[in-house]
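Please look over the chain below before reading on. The paragraphs that follow go through its confidence, its local features and its sheet.

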Amino acid sequence: MAPGGGICKDVIESRITFAEYDMATSSAELRGSPLRKAATSLGGNLGATSTNDVHELLECPVCLNLMYPPIYQCPNGHTVCSICKARVHNSCPTCRNELGNIRCLALEKVAESLELPCRYQILGCHDIFPYYSKLKHEKNCRYRPYHCPYAGAECSVTGDIPFLVVHLKNDHKVDMHDGCTFNHRYVKSNPHEVENATWMLTVFNCFGRQFCLHFEAFHIGMAPVYMAFLRFMGDEDEARQFSYSLEVGGYGRKVIWQGVPRSIRDSHRKVRDSQDGLIIQRNLALFFSGGDRQELKLKVAGRIWKEQ
């Protein structure tokens, strides 16, 4: 058994299920372990260890995130998460000893007894979760931050909806409009030379909520097309409360699309690639534009309404 690592066991196989853990960790085995500080501070009663103490022990010293199995430990008892173990090239970030494959099973066990608040508590989620359920919940928490819906560039900004509305207006200078009906014109010279393009995002304030109108040029197979679609600034269940229609036309002809706006939880590329919107072949779009078909002048009319 490695010195200073009495609570841990040398494990090569990392896919051990939680049910396989040895629950019978004696007080003698805790000596020299990373749990000793928390245990002795409360008279050796591990069950009464405060959440703050254990939370501190479960914090990875490299990424500062909470650690989940497998949790690794060096021979001196310093722990690190499995992701950072690879980042530090199997060298303990605290004492530089080789980490090996020593699992800190006791610390993993203690984590099972914890209940913690969601990391998005400050954004409105007040639920409490068992330690190993918390991570799964946070991946789908309805209060988790949204990604910026701007499609013209890769923007890494995240936040709640009011923050992103201000961000879109001030940082991306997007067009902001009030109302649930619109007529939007898209113009492009030399459209035959444009293989892929994204027009400036437009945001509509309607029913007290925000909707993003996207317009892009891309290819479906070998066919050049234009596509317009709407995304809702909120979750999917809220988006389903609304419907919208888009139409383009000219010279006695008209193309109409009706659908449900997609949540901005889905990226604009995911929505585009699913073809969930108004799609117009380039030749038809240029026909609607009139003239000599050398310039795109396409008017997209739309309406947003709330389902009863």
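Why is helix H4 (residues 105-112) largely enclosed by the rest of the structure? Seven of the eight residues of H4 are buried, so the rest of the structure largely encloses this helix. Buried here means under 20% relative accessible area, exposed means over 50%, and partly exposed lies in between, with a 1.4 Å probe and protein chains only. The buried residues are Leu-105, Ala-106, Leu-107, Glu-108, Lys-109, Val-110 and Ala-111. Helices (H or I, at least four residues) and strands (E, at least two) are DSSP runs, numbered from the N terminus.

This is a predicted model, in which local features need pLDDT of at least 70 and side-chain atom pairs count only at pLDDT 80 or more, while totals for chains, interfaces and linings use all residues. Residues are numbered from 1 along each chain as its sequence is written, and side-chain values use heavy atoms, with hydrogens and water left out. The predictor's confidence in each residue is its pLDDT, on a scale from 0 to 100. The chain has a mean pLDDT of 80, and 81% of its residues reach 70 or more. Over residues 1-49, pLDDT stays under 50, and the model has 85 contacts beyond four places in sequence for that stretch. A contact means heavy atoms within 4.5 Å.

Some totals describe the chain as a whole. Nine helices and 19 strands are present. Of the 308 residues in the chain, 44% are buried. Among contacts with a separation of 6 or more, 57% are between residues 24 or more positions apart.

The UniProt record, an unreviewed entry, places the feature "domain: RING-type" at residues 60-96. UniProt positions are given in the numbering used here, feature names are shortened, and annotations may be inferred rather than shown by experiment. In the model, the span 60-96 is 16% helix and 16% strand, and its end C-alpha atoms lie 15 Å apart.

Several backbone details can be inspected next. The loop between helix H2 (51-57) and strand S2 (71-73) contains Pro-70, and the peptide bond from Pro-69 to Pro-70 is cis, with omega near 0°. Leu-64 is found in the loop between H2 and S2 as well. Its phi is near 65°, a positive value in a residue other than glycine, and Leu-64 counts as exposed because its relative accessibility is 54%. Asn-90 sits in the loop between helix H3 (82-87) and strand S4 (102-103). Asn-90 is not a glycine, yet has a positive phi of about 65°; with a relative accessible area of 23%, Asn-90 is partly exposed.

Charged side chains come next. A salt bridge is a side-chain nitrogen of Lys or Arg within 4 Å of a carboxyl oxygen of Asp or Glu, and the whole structure holds 12 of them. One involves Glu-108 of helix H4, whose side chain meets that of Arg-103 at 3.0 Å, N to O. Both Arg-103 and Glu-108 are buried.

Another salt bridge joins Arg-209 and Glu-238, with the closest N and O atoms 3.1 Å apart. This pair links distant parts of the chain, 29 residues apart: Arg-209 is in strand S13 (residues 209-220) and Glu-238 in helix H7 (residues 236-239). Arg-209 counts as partly exposed because its relative accessibility is 23%, whereas Glu-238, at 18%, counts as buried.

Glu-247 and Lys-254 also form a salt bridge, at 3.6 Å from N to O. Glu-247 is partly exposed at 29% relative accessible area, and Lys-254 is exposed at 54%. Elsewhere, a network of salt bridges links Arg-262, Asp-266, Lys-270 and Asp-276.

What is the order of the four strands in the open sheet? The order is S10-S19-S15-S16, with antiparallel pairing. Strand S10 (181-189) and strand S16 (253-259) are the edge strands, each pairing on one side only. Neighbouring strands of this sheet are turned by 20° against each other on average, direction ignored. Two strands pair if DSSP finds at least two bridges between them. S10 and S19 run antiparallel and are joined by nine bridges; Phe-182 has Gly-302 in S19 as its bridge partner. Strand S15 (residues 242-250) pairs with strand S19 (residues 295-306) in the antiparallel sense over six bridges. In S19, Arg-303 is the bridge partner of Ser-245, and Ile-304 is that of Tyr-244.

Key:
Axes are lines fitted to C-alpha atoms, for helices over the stretch in contact, and angles run from 0 to 180 degrees between N-to-C directions.
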